[in-house]
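I opened my notebook to get to know a structure that was new to me. Come along and look things up with me.

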Amino acid sequence: MALTETPMQRERATTIYERSKPGRRAAVLPPAEVPEPPLEELIPAKLLRSEPPALPEVAEPEIVRHYNRLSRRNFDLDSGFYPLGSCTMKHNPRLNERVAALPGHARLHPAQDPGRAQGALELMWLLQESLAEICGLPHVSLQPSAGSHGELAGLLLTRAFHADRGETRTKVLAPDTSHGTNPASVTMAGYEIVKVATDERGGVEMDDLRAKVDDEVACLMLTNPNTLGLFDENIAEIAALIHEAGGTLYYDGANLNAVMGKSRPGDMGFDIVHVNLHKSFSQPHGGGGPGAGPIAVSERIEPFLPRPQVVRRESGNGSGPSFDLDLDRPKSIGRLRGFQGNFGVFVRSYAYILSLGADGLAEASETAVLNANYLKARLAEGRAGERVPVAFDRHCMHEFVLSGKPMKKQLGVATLDLAKRLLDFGFHPPTVYFPLLVDEALMVEPTETETKESLDAFADAVEQILAEAESDPEKAKQAPYTTPVRRLDEVKATRKPVVRQPLG
Amino acid sequence: MSRYTSATVADREQMLAAIGVDSVEDLFEQIPEPLRLGRPLALPDGMSEAEVYERLAELAGRNADAEEQVCFLGAGMYDHYVPAIVDAITQRSEFLTPYTPYQPEISQGGLQAMFEFQTAMSELTALPVSNAGLYEGPSSVASAAYLALATGKGRRRFVVSRGVHPHSRETLATYSVGYGAEIEEVGIEGGLTDAGALAEAVDGETAAVFLQSPNFLGAVEDVEALGAAGKEHGALLVVAVDPMTLGVLRPPGEQGADIALGEGQPLGNRLDFGGPSFGFFCGTETLMRKMPGRIAGETDDADGRRGFVLALQTREQHIRREKATHNICTAQALNALAATIHLAWLGRDGFRELGELLLRRGAYARERLAAVPGVELLHEAPIARELALSLDAPVGPVLERCADRGIAAGYPLGREYPEYEDGLLVAITERRTRSQIDDFAEALGAAVAAERQGVAA
């Protein structure tokens with residue numbers, strides 16, 4: 001037990017079920033107002049429930065206290081620096097929450113007749129147009145619910161594209177630095193993943209790529225800038241190679257925040273792009289969603305886009321255009337989910353695009369890149385430069401990757417230990433142990449919304465932790481000390497999973 | 001500096017000097033020149049906060065929402081009352097703005113909320129394991145199919161009732177092209193899945209049988225009886241449910257379901273024109289290690305304190321990559337939290353009472369609407385909160401007439417069921433009062449009568 005236990009550590013975690021007492025309640029329902037026959041007269045007895053589910057019995061004040069207490073056991077973006085690589089933890093404007101909550105958005109039923117949902121459809125159409133311009137591709141479907149859903153969509157589009165030409169291809173290429181969702185999506189879409197190596201500059205190894213491109217390749221999935229935060233300068237050649245072999249080129253848009261208004265995936269030769277609205281376009285992450293993963297595609301992919309598609313129709317009679325949901329898409333891959341997508345996310349992201357405008361989006365990417373390079377420079381100084389050197393020493397885009405290998409070898413302090421010690425300094429650690437090809441990786445993405453002061457404070461904290469580790473490596477290895485709980489036993493949670501509260 | 005950045009000219013100079021370049025543009029030189037855009041995006045200039053608000057409010061004002069109309073639309077998403085504490089708590093920065101809890105020591109709030117959510121959903125469905133949520137309803141159905149293939153020892157066939165939500169069936173079909181499976185649909189008789197046809201459709205190649213109860217036409221299925229044929233052949237039984245009915249209807253876990261899932265929107269989530277909401281996904285112990293999505297688990301910290309972590313992460317894409325049980329990463333944590341709070345607010349008694357209210361108001365509405373001249377019941381099977389009518393008049397124009405009187409009358413079944421071209425699906429929530437139902441009956445009667453007489457709208 002740590003000697004200086006914090007007040008929050010002293011407080012044992014209790015669940016809402018442990019605060020329950022028979023007879024307590026919060027909800028008061030409206031009166032029935034209608035005849036109240038026994039339920040058996042409405043539903044056959046064997047289809048009725050005998051015992052209601054054991055939901056908690058708690059009054060409203062205690063529910064509020066319970067969840068407020070829980071909230072204080074979370075670290076969040078509004079409380080401090082959150083340089084989680086590939087996650088783009090930028091500021092979440094509260095304006096977006098306000099406009100998403102307007103009843104015309106929040107209480108609009110998804111099956112409302114399109115004629116009475118013109119504002120919503122126009123908003124979706126405007127967002128489609130905006131994303132098309134940002135991605136440099138002419139057509140957009142907003143339907144996918146998150147990046148991984150967009151990936152699956154893209155692979156199914158690829159499959160439909162090839163099938164339409166009478167081809168069945170079996171392989172999808174992706175670099176060894178790719179996000180884990182890429183290979184997982186490939187398997188779900190019924191393809192076989194083939195890994196492509198990374199060269200000494202951090203880009204795709206061209207010889208390896210050439211060796212693996214053949215007429216069985218359906219698609220190449222790429223993130224550019226990649227997960228090392230580096231722009232692949234060979235992208236035009238890569239695109240030409242894939243296209244000559246008859247494949248499609250898929251852009252994982254997780255890193256789009258580096259290039260908004262600066263460079264466009266469509267101009268690089270990509271056919272399909274997914275955009276994480278919960279990254280580059282400021283939708284709050286919510287502790288693990290909601291997000292949205294719209295896809296932008298080239299002309300040749302357009303016929304296969306999911307149904308329904310939001311379309312604008314000219315009236316032809318002098319009145320303004322109208323908007324509709326187009327279901328009549330014979331070559332479409334079909335639906336990927338219910339209704340039209342995560343509309344509430346579209347509202348927030350469209351508000352963000354309106355707020356920033358063309359210049360603001362470009363400036364956001366410029367500042368993201370500036371902040372990343374500045375923090376990289378700061379971390380190249382002093383102990384950090386020696387113990388956790390940058391993995392590829394060149395200018396980065398919006399993020400960069402350090403290797404904790406020397407630190408581990410010299411001090412016995414692993415990347416995980418450094419990450420945990422950062423928690424005591426009030427920082428969210430970078431993404432750790434990813435990408436896989438960098439030993440003891442730390443992937444740092446500061447985003448544009450951080451001040452120079454925050455970046456300096458983070459660099460100073462890393463320096464201080466490394467100094468401390470030189471004299472007392474155990475300090476980091478046992479960290480954290482000040483968080484609501486200390487290092488948790490993840491092995492136990494997997495070996496003997498307790499995944500719900502035992503009741504009764 | 002723009003809206004949400006703060007690098008001053010002086011900051012910028014110091015930062016560039018530290019990097020060792022003259023301008024920010026130098027940093028973009030790693031992008032080959034022909035690939036640099038070299039012009040501003042063709043988008044409008046940025047706007048002030050007030051202007052953005054006005055623009056978005058103007059767009060919102062052109063939607064007929066459930067504040068403006070009396071909403072009898074359902075079809076999977078329902079106009080329930082969301083208690084104020086849901087907004088208050090989910091809008092707290094501590095829940096709104098963190099990422100997925102990869103660092104559990106500073107994510108105990110979110111992780112414990114997931115654990116409480118899993119407990120609630122496990123209670124509702126009477127199945128022992130719940131994940132922390134998926135995207136939404138229909139794609140959860142497709143995710144169950146993927147699981148069934150993984151456990152099905154080479155079986156690649158799905159048997160699906162036409163009572164399953166059309167969007168779920170379409171989504172399943174979309175995904176099945178990818179993972180290579182075939183689908184056989186089983187029809188509906190008298191509002192309920194045709195038991196004989198289902199028994200015939202199932203064979204030794206069937207990986208899973210998919211049912212929904214209440215089904216899309218609102219009818220409460222006898223899941224146990226229907227599921228028997230699949231059980232005999234060793235297929236998984238997957239049941240989609242409306243979570244709001246589980247205070248009164250027999251839960252899928254007591255009827256032999258291996259997986260119970262569904263659209264979570266009725267629990268604490270607003271309509272939002274279809275999302276974001278969440279999907280829930282519960283299963284038996286044997287399926288736990290094959291389940292999709294995050295799962296929170298209880299454990300201890302280094303000092304023996306109780307804590308929560310993401311359990312069974314070796315199922316997931318960030319660890320297992322191409323061998324993962326699913327590709328899902330970001331899902332719907334905040335929406336699942338909303339459900340958790342709503343369920344705590346309703347509580348054990350409130351949840352059951354709400355279910356009873358839905359059943360009784362549903363029965364009242366059914367009787368009232370079926371008594372309208374030119375309106376008949378599409379089926380007479382028992383219902384929970386949604387009812388299917390058949391109109392002796394074209395549905396589209398009737399809906400228009402009702403809308404003109406401020407009523408969203410329901411969902412036209414002909415959209416997805418050509419066999420019910422004259423069908424209308426009407427949904428009840430606790431917000432639909434008796435007088436609203438009475439007014440609706442009157443408006444529906446007038447609309448049907450006018451259409452039958454060919455009166456111009």
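**Entry 1: what kind of model.** I noted at the start that this is a predicted model.

**Entry 2: chain A.** I began with the secondary structure and found 17 helices and 12 strands in chain A.

**Entry 3: chain B.** Chain B has 14 helices and 17 strands. Its C-alpha trace spans about 80 × 55 × 50 Å along the principal axes. The chain has 457 residues, and buried ones make up 65% of them. For contacts between residues at least 6 apart in sequence, I found that 73% join residues at least 24 apart in chain B.

**Entry 4: domains of chain B.** How is chain B divided by the domain assignment? I found domain 1, made of 70–80 + 349–452, and domain 2, which covers 84–341. The centres of these two domains of chain B, taken over C-alpha atoms, are 28 Å apart. Where they meet, 25 residues of domain 1 are in contact with 22 residues of domain 2. On the domain 1 side, the elements that give two or more residues are α12 (333–370) and β14 (386–391) of chain B. I asked myself which of the elements gives the most to that side. It is α12(B), with seven residues. Sorted by class, this side of domain 1 has 14 nonpolar, four polar and seven charged residues.

**Entry 5: the nonpolar core.** I ended with the largest nonpolar core, which has 313 residues. The largest share of this core comes from helix α11 (residues 343–380) of chain A, which gives 22 residues. The residues with the most contacts inside the core, though, are A145(B) and A208(B). I wanted to know what A145(B) touches, leaving aside its neighbours within four places in sequence. My list reads F158(B), L172(B), Y175(B), S176(B), A181(B) and A208(B).

Note on methods:
Residues are numbered from 1 along each chain as its sequence is written. Chains are lettered from A and ligands numbered from 1 in the order in which they are written. This is a predicted model: local features need pLDDT of at least 70, side-chain atom pairs count only at pLDDT 80 or more; totals for chains, interfaces and linings use all residues. A nonpolar core is a set of buried Ala, Val, Leu, Ile, Met, Phe, Trp, Tyr and Cys residues joined through C-beta atoms within 7 Å. A residue is buried if 20 or more other C-beta atoms lie within 10 Å of its own, exposed if 12 or fewer, and partly exposed in between; C-beta atoms are placed from the backbone. Helices (H or I, at least four residues) and strands (E, at least two) are DSSP runs, numbered from the N terminus. Two residues are in contact if their C-beta atoms, placed from the backbone, lie within 7 Å. Domain bounds come from an automatic or database domain assignment. Ala, Val, Leu, Ile, Met, Phe, Trp, Tyr, Cys and Pro count as nonpolar, Asp, Glu, Lys and Arg as charged, and the others, Gly among them, as polar.
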